[in-house]
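I opened the notebook to work through this structure one piece at a time. These are my entries, in the order I made them.

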Amino acid sequence: MMMCKEATRLMSLKHERELTLQERLSLRLHLSMCGACRQCDRQFSLLGEAARQYGPDHEADQHESGQHESGQEDDGR
Amino acid sequence: MTATPPTQEQDPDEGAPATMSPTRTERLSAIRPKLVSFARMHLRNNAMAEDAVQEALMAAIEKDATFAGRSGYDTWVFGILKYKILDIMRYQKRQGHLQPLDEEGDDEIIDRQFRQNGRWEAHSRPASWGDPDAVVESQHFWKVFDACMIALPENAARVFSLRELMGLSTEEICRLLEIRENNCWVILHRARLRLRQCIEKGWLEGETS
């Protein structure tokens, strides 16, 4: 029976690689019984979401977002 | 131990081509602090972070004409900064200045979150942060997020930043930092556990006070 600490390892790992069937099943079983780990799982996802938004979008200072120019997309390289 | 020679503090407007619109140069000044804090998270060194941002700003000014407007100007500038940061890290690695990662040992902070039997300690049981959309809209959340990122141990911060802020795969991170993928996963797991605990503390306390 998997405990919370091990469950958090899988919750983290699933952001790096696809879990095996066995890993997925044991994580799902654990989450179905553990509210604290369900929160943790959401928080790990939110951390990733927040990190991706970090920088340009954070701080709600909306600026001139209507600037649309034509041309090639430049990835800044 | 800086990787690049220190550049003088200068106004980002300086040397701007005449064609660059004043709103753009204002925009660069406005986002400069955010760029610096972003760079600092990766490089963990104020002088190097300032240098990276300076280079990114100059590149943004030089390449102003190539900005296509599809991704939003700030995002575009952050994109430039990301490449500058990675360049600096690669340079440091070549120079042997990038400190090797060794984080296989025990981590007391993490161990204290769990009981011997692997269940959460009562004081660290994760609680709800509320609606995720509302969370990331909150200025307070970002302040806490920044503080907690800075509070992470260097290894954890570097790997987490590369993975989640830069979007590198763990494979790419392993190549850059010369660590085994398994080690990378361990570091990320610990980084997330530390971050969530730190953020939860700061976030929920700030909201209720």
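**Two helices crossing**

I started with a helix pair in chain B. Helix α1 (residues 22-43) and helix α7 (residues 154-165) of chain B pack at an angle of about 125°, and their axes are 7 Å apart. I noted that the model is predicted. Are α1(B) and α7(B) parallel or oblique to each other? Roughly antiparallel would need an angle over 145 degrees, and roughly perpendicular ends at 115. α1(B) and α7(B) are therefore oblique.

Next I looked up which residues meet. From α1(B) come F38(B), M41(B) and H42(B). From α7(B) come A157(B), R158(B), S161(B), L162(B) and L165(B).

I followed L162(B) further. What does L162(B) touch, leaving out residues up to four places away in sequence? I found H42(B), L86(B), M89(B), G167(B), L168(B), I173(B), L176(B) and L177(B).

**The nonpolar core**

L162(B) turned up again here. The largest nonpolar core has 83 residues. L81(B), I85(B), F141(B), F145(B), F160(B), L162(B) and I199(B) touch the most other members. Which helix gives the most to this core? I looked it up: helix α3 (residues 73-95) of chain B, with ten residues.

I picked I199(B) from that list. I199(B) sits in helix α9 (residues 181-208) of chain B. Is I199(B) buried or exposed? Its relative accessibility is 0%, so I199(B) counts as buried. Setting aside residues up to four places away in sequence, I199(B) touches L47(A), W129(B), F141(B), V144(B), F145(B), C148(B) and L204(B). I checked one of these partners along the chain. I199(B) and W129(B) lie 70 residues apart in sequence, yet 9.5 Å apart in space, C-alpha to C-alpha.

H189(B) counts as buried because its relative accessibility is 10%, and the cut-off for buried is under 20%. Apart from neighbours within four places in sequence, H189(B) is in contact with K5(A), T8(A), R9(A) and S12(A).

Then I went to T170(B), in helix α8 (residues 170-177) of chain B. T170(B) has 4% relative accessibility, so T170(B) counts as buried too. Which residues does T170(B) touch, not counting those up to four places away in sequence? I listed E16(A), R163(B), E181(B), C184(B), W185(B) and L188(B).

**A helix in chain A**

An α-helix has 3.6 residues a turn, so residues three or four places apart point the same way.

**Both chains, side by side**

- Chain A has three helices and zero strands. Chain B has nine helices and zero strands.
- Of the 77 residues of chain A, 44% count as buried. Of the 209 residues of chain B, 51% do.
- In chain A, 50% of contacts with a separation of 6 or more join residues 24 or more positions apart. In chain B, 72% of contacts between residues at least 6 apart join residues at least 24 apart.
- Chain A exposes about 4400 Å², with 50% from carbon and sulfur atoms. Chain B exposes about 10100 Å², with 48% from carbon and sulfur atoms.

How values were computed:
Residues are numbered from 1 along each chain as its sequence is written. Chains are lettered from A and ligands numbered from 1 in the order in which they are written. This is a predicted model: local features need pLDDT of at least 70, side-chain atom pairs count only at pLDDT 80 or more; totals for chains, interfaces and linings use all residues. Side-chain values use heavy atoms; hydrogens and water are left out. A nonpolar core is a set of buried Ala, Val, Leu, Ile, Met, Phe, Trp, Tyr and Cys residues joined through side-chain atoms within 4.5 Å. Buried means under 20% relative accessible area, exposed over 50%, partly exposed in between (1.4 Å probe, protein chains only). Helices (H or I, at least four residues) and strands (E, at least two) are DSSP runs, numbered from the N terminus. Contact means heavy atoms within 4.5 Å. Accessible areas come from the Shrake-Rupley method with a 1.4 Å probe; for residues, only the protein chains shown count as cover. Axes are lines fitted to C-alpha atoms, for helices over the stretch in contact, and angles run from 0 to 180 degrees between N-to-C directions. Angles under 35 degrees count as roughly parallel, over 145 as roughly antiparallel, 65 to 115 as roughly perpendicular and the rest as oblique.
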